[in-house]
Amino acid sequence: MTTSTRGSTRPTAPDAVLVLEDGRTFRGRAYGAVGETFGEAVFSTGMTGYQETLTDPSYHRQVVVMTAPHVGNTGVNDEDPESKRIWVSGYVVRDPARTPSNWRSRRSLDDELAAQGVVGISGVDTRALTRHLRERGAMRVGIFSGEAVADDATLLDRVRRAPEMTGADLSAEVATEEAYVVPAVGTKRLTVAALDLGIKGMTPRRMAERGIEVHVLPATATLDEVYACGPDGVFLSNGPGDPATADLTVVKGVLERGTPLFGICFGNQLLGRALGFGTYKLKYGHRGINQPVQDRTTGKVEVTAHNHGFAVDAPLDRVSDTPYGRAEVSHVCLNDDVVEGLRLLDRPVFSVQYHPEAAAGPHDAAYLFDRFAELMEAQRA
Ligand SMILES: NC(=O)CC[C@H](N)C(=O)O
């Protein structure tokens, strides 16, 4: 490990080009690894927390455009990653830090991206690119640098042959292969079985801090495997891909048994589908750490972290009858009225579309982990 925090944004980095599937191109310099990459172009409005974004498994197969103009200022540390590696398939920034500076910094972001083989591009007018994605919607993209650069028509053809996000089944590609346990901090109060569909590291930690022992299970775990640890509750994690592709057998099995259930993001979408609601692709999604959400059970507004491109299609104005009892939309995004949470009225089951684990992000929604613990304790009593 190098302890140098000097910047290494190479003044001589090769030319790079970003090609969107609708034919628009942006030119810049290679940032991180030199080569080529493909994915879905999405933008994140977070001004801090780039390490948490890069290592969130939900970003698998997405090329993330940062709207904050300066990226990499605090370098890369060993404490903030949300998983063992960077998952974004590409990274787009305007003006990378030349000299990262922070007491925790170990390396520059440029070096880290290169070491992990992540192709990026800098020097892009990310404002223009973001406005384009807002108007036209998230779409496929390719980044090409060094020897991968060719004429625009050839590159465009390759972008158009890359797989789409709609219909992508990706959880098993990012989830743990082996089950593991995150022990409770202090006295153990409860046990949770957490289905890893692309879980962020902070999520089991937030539960552990509340005296919960978390058994993290592979995405492919069966219902018997979920119940093998004798859980007080079941957790459905965030994750990449299209929720319409997910197998709902375990979720439905948990709902039938009436076990307390909490889901985040992909987990909210799976719960929604198990209840009989549809999911659909948003035009350009919500990504960032400054999204206003209202908790309709208390009326309170919270500022929250988001990363979702799909959403649940459930009525905002009435209670719905589902195979598992009455359900309602518990949280809503104040920017666009997108469903941000669901809850059952007759069973200890709820979920949110955003990220109460707050890594990185505001901590307004931490109460949801307390709510989960209270539901499990009430069920036990
Ligand atoms: N963070 C997540 O869990 C994302 C869920 C899903 N892949 C989406 O884009 O909506």
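**View 1. The contact between domain 1 and domain 2.** In this predicted model, 21 residues of domain 1 are in contact with 23 residues of domain 2 (contact: C-beta atoms, placed from the backbone, within 7 Å). Strand S3 (36-44) and helix H3 (126-136) each supply at least two residues of the side of domain 1 that touches domain 2. S3 gives the most to this side, with 3 residues. Helices (H or I, at least four residues) and strands (E, at least two) are DSSP runs, numbered from the N terminus. By class, the residues on this side of domain 1 are 7 nonpolar, 9 polar and 5 charged. Ala, Val, Leu, Ile, Met, Phe, Trp, Tyr, Cys and Pro count as nonpolar, Asp, Glu, Lys and Arg as charged, and the others, Gly among them, as polar. Domain 1 covers 15-160 and domain 2 covers 171-380, with bounds from an automatic or database domain assignment. Their C-alpha centres lie 28 Å apart.

Residues are numbered from 1 along each chain as its sequence is written. Because the model is predicted, local features need pLDDT of at least 70 and side-chain atom pairs count only at pLDDT 80 or more, while totals for chains, interfaces and linings use all residues.

View 2. A closed barrel of 7 strands runs S1-S2-S8-S6-S4-S3-S9, with mixed pairing (strands pair if DSSP finds at least two bridges between them). S3 and strand S4 (residues 62-66) pair in the parallel sense over 5 bridges. Val42 has Val64 in S4 as its bridge partner. H3 packs on the sheet, touching strand S2 (25-32), S3, S4, strand S6 (90-92) and strand S9 (139-145), and its direction makes about 125° with that of S4. Helix H4 (residues 152-160) also packs on the sheet, touching strand S1 (15-20), S2, S3 and S9; the direction of H4 makes about 135° with that of S9. Axes are lines fitted to C-alpha atoms, for helices over the stretch in contact, and angles run from 0 to 180 degrees between N-to-C directions.

**View 3. The shell around the ligand.** Among the residues that surround the ligand are Ser58, Asn238, Cys265, Phe266 and His308. Strand S16 (residues 301-313) gives the most to this shell, with 4 residues. The shell has 4 nonpolar, 7 polar and no charged residues.

**View 4. Residues annotated as active site.** The UniProt annotation "active site" (unreviewed entry) covers Cys265, His355 and Glu357. They span 93 residues in sequence, yet no two of their C-alpha atoms are more than 11.2 Å apart, so they gather at one spot. His355 is in the loop between strand S20 (349-352) and helix H10 (367-380). UniProt annotations may be inferred rather than shown by experiment.

Notes
A residue is near a molecule or strand if its C-beta atom, placed from the backbone, lies within 6 Å of it. Two residues are in contact if their C-beta atoms, placed from the backbone, lie within 7 Å.
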